[in-house]
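My notes follow in the order I took them.

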Amino acid sequence: MKTSFGSTSVRGSDGEKERIRLARKGLLIFFAMLIPLSMLGYVLTMKSPIFVLFLMWTPGLSSIFTRLLLREGIADISLRVGGRRTWRTLPFILLFPVVIGLVAYGIAWITGLVQFVTPDTYIKAPPIVIFLGLLLTHMVVGTIAGLIGSVGEELGWRGYLLPRLIDARVPYPMLTSGIIWGLWHLPLMIAGNYYSGPYLALSAFLFMITVTSFGYIIGRLRLTTGSIWPAFFLHASWNAVIQNVFDLFSKGENVLLWTGESGILVALALLTAAWIISRRPMSVRRL
């Protein structure tokens with residue numbers, strides 16, 4: 001993958017070496033800021049969930065501080081919408097979490113591995129009506145509201161980390177960024193604050209599969225459209241649909257073993273989706 005996203009304009013072998021050096025320097029400073037900010041975010045979030053928004057913004061804040069310190073500018077964030085390529089991703093963004101949810105959670109519900117339970121609501125209606133109503137609401141309203149947090153993460157992960165990994169010539173940059181994204185979540189999981197199933201080691205392993213696979217899909221959208229907006233929206237859409245709808249309707253002793261972001265069925269569904277998508281030709285667009 002030869003595409004360069006940095007702001008350096010020099011050309012030739014010397015320019016290439018300088019671009020790699022600057023990208024690696026940017027990564028070093030980014031992590032130097034991300035680690036302490038994230039540690040603060042972990043501590044605060046463990047004390048009170050209200051600080052989770054701050055934690056979600058630590059990658060974005062780290063990227064902003066790094067850009068300011070190195071005077072990198074914001075052009076390679078790709079905040080421009082990106083034309084038809086971006087608009088064509090909208091159905092995928094809205095429907096992808098629904099499809100994964102129906103496959104993974106649907107299998108769990110049908111087989112009895114997880115119970116389909118209607119949450120208490122003020123509306124008296126058949127369970128399927130309540131489910132579909134909440135699903136449609138969160139696909140639109142929930143996704144828009146979820147941008148408050150997803151923008152913070154994606155400014156860091158796909159707006160800064162992924163382009164710098166590419167410019168630094170790190171092997172398999174999308175895979176690497178996905179692994180880093182997964183590792184960043186693990187402290188909360190180890191502390192029991194986030195998708196910790198009955199077997200912690202298994203939960204962590206499955207969660208890494210889930211997040212790395214999803215990270216590949218988000219990264220691919222960001223690179224093929226040349227815009228960060230699909231990453232913003234797909235991340236928000238996933239959180240709104242999976243966490244606020246499918247998780248809400250799932251109960252049982254082994255609910256976190258089979259479903260959720262650390263569940264066996266969700267991990268397999270996302271891994272399969274990532275593999276299928278990876279088989280298609282990929283054309284990277286640079287803005």
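Predicted model: local features only at pLDDT ≥ 70, side-chain atom pairs only at ≥ 80, totals over all residues.

**Helix 7 and its end**

I started where helix 7 stops: Gly226 comes after it, with a positive phi near 70°.

Next I checked the length of helix 7. Its 26 residues should span 38 Å at 1.5 Å a residue, and the end C-alpha atoms are 37 Å apart, which agrees. Then I looked up burial: 21 of the 26 residues are buried, so helix 7 is largely enclosed by the rest of the structure.

I went back to the loop between helix 6 and helix 7, where Pro198 is found.

**Ser262**

Ser262 sits in the loop between helix 9 (255-258) and helix 10. Its relative accessibility is 0%, so I put it down as buried. What does its side chain meet? A polar atom of the Ser262 side chain lies 2.8 Å from the backbone oxygen of Tyr195. Leaving aside neighbours within four places in sequence, I listed the contacts of Ser262, among them Met189, Gly197, Ser203, Phe207 and Leu256.

**Helix 4**

Helix 4 covers residues 90-111, which makes 22 residues. From first C-alpha to last it reaches 32 Å, close to the 32 Å expected at 1.5 Å a residue. Where is the kink in helix 4? I found it at Phe96, about 30°, shortly before the proline Pro97.

Both Phe96 and Pro97 are on the list of buried residues of helix 4, which also includes Ile93, Gly101, Tyr105 and Trp109. I then asked what covers the buried residues of helix 4. The cover includes helix 5 (127-167), helix 7 (200-225), helix 8 (229-246) and helix 10 (264-278), along with strand 1 (115-116) and strand 2 (250-251). After helix 4 comes Gly112, another residue with positive phi, near 85°.

**Rings**

I searched the whole structure for aromatic pairs and got 21. I picked out Trp157 and Trp184: the ring centres are 5.4 Å apart and the planes are at 70°, so this pair is edge-to-face. Trp157 belongs to helix 5 and Trp184 to helix 6 (residues 173-190), so the pair ties together parts that are 27 residues apart in sequence. Trp157 and Trp184 are both buried.

Then I took Trp229 and Phe232, with ring centres 5.2 Å apart and planes at 85°, so edge-to-face again. They are three residues apart in helix 8, which puts about one helical turn between them. Trp229 has 30% relative accessibility, so it counts as partly exposed, while Phe232, at 2%, counts as buried.

I also noted a cluster linked by ring pairs: Tyr105, Trp109, Phe116, Phe131, Phe246 and Phe249.

**Charges over rings**

Note on methods: Residues numbered from 1 in each chain as written. Heavy atoms only, no water. Helix = DSSP H or I, 4+ residues; strand = E, 2+ residues; numbered from the N terminus. Expected span 1.5 Å × (residues − 1). Bend = angle between axes of the 7 residues up to and from the residue. Buried < 20%, exposed > 50% of the residue type's maximum accessible area, 1.4 Å probe, protein only. Contact = heavy atoms within 4.5 Å. Polar contact = N/O pair within 3.5 Å; in protein donor to acceptor, adjacent residues only side chain to side chain. Phe/Tyr/Trp six-rings, centres within 6.5 Å; stacked < 30°, edge-to-face > 60°.
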